[in-house]
Amino acid sequence: MTVRIGINGFGRMGRLAFRAAWDWPELDIVHINEIKGGPETAAHLLEFDSVHGSWDRFPAAGPDGFTVGGKHVSYSSHDHPKDIPWRDHGVDIVIESSGKFLAP
């Protein structure tokens, strides 16, 4: 069974979680929420990290998300996780990596 993942907060921790989980066949990252930068910035920072180096994947940004290896990941910019339509994106589990929220 594949678990569909959403990530709230796409700073260094969110991006590292994305990189670590990307190749796990039982996980499917489907949605990112980050309030700063947009999909272009997210894709760039996902590929290039000043501490952890370049990722061997090449994310390509689009207007509503980015694509990695032919797989689209949708993107939103909501201030609060409760405002994100996680179910509409088919998300089963959300990784909270913004550091701002301890409860839903």
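How do the residues of the lining of the largest pocket divide into nonpolar, polar and charged? They split into four nonpolar, seven polar and five charged, with Gly counted as polar. Keep in mind that this is a predicted model, where local features need pLDDT of at least 70, side-chain atom pairs count only at pLDDT 80 or more, and totals for chains, interfaces and linings use all residues. Numbering runs from 1 along each chain as its sequence is written, and side-chain values use heavy atoms, with hydrogens and water left out.

**Pocket**

**Helix pair**
- Helix 1 (residues 12–22) and helix 2 (residues 38–47) have axes that come within 10 Å and cross at roughly 65°.
- Arg15, Phe18 and Arg19 in helix 1 meet Leu45, Leu46 and Glu47 in helix 2 (heavy atoms within 4.5 Å).
- That contact has three nonpolar, no polar and three charged residues.

**Salt bridges**
- There are five salt bridges (Lys or Arg side-chain nitrogen within 4 Å of an Asp or Glu carboxyl oxygen).
- One of them pairs Arg4 with Asp28, the closest N and O atoms being 3.5 Å apart.
- Arg4 sits in strand 1 (residues 3–8) and Asp28 in strand 2 (residues 27–33), so the pair ties together parts 24 residues apart in sequence.

Terms used
Axes fitted to C-alpha atoms, helices over the stretch in contact; angles between N-to-C directions. Helix = DSSP H or I, 4+ residues; strand = E, 2+ residues; numbered from the N terminus.
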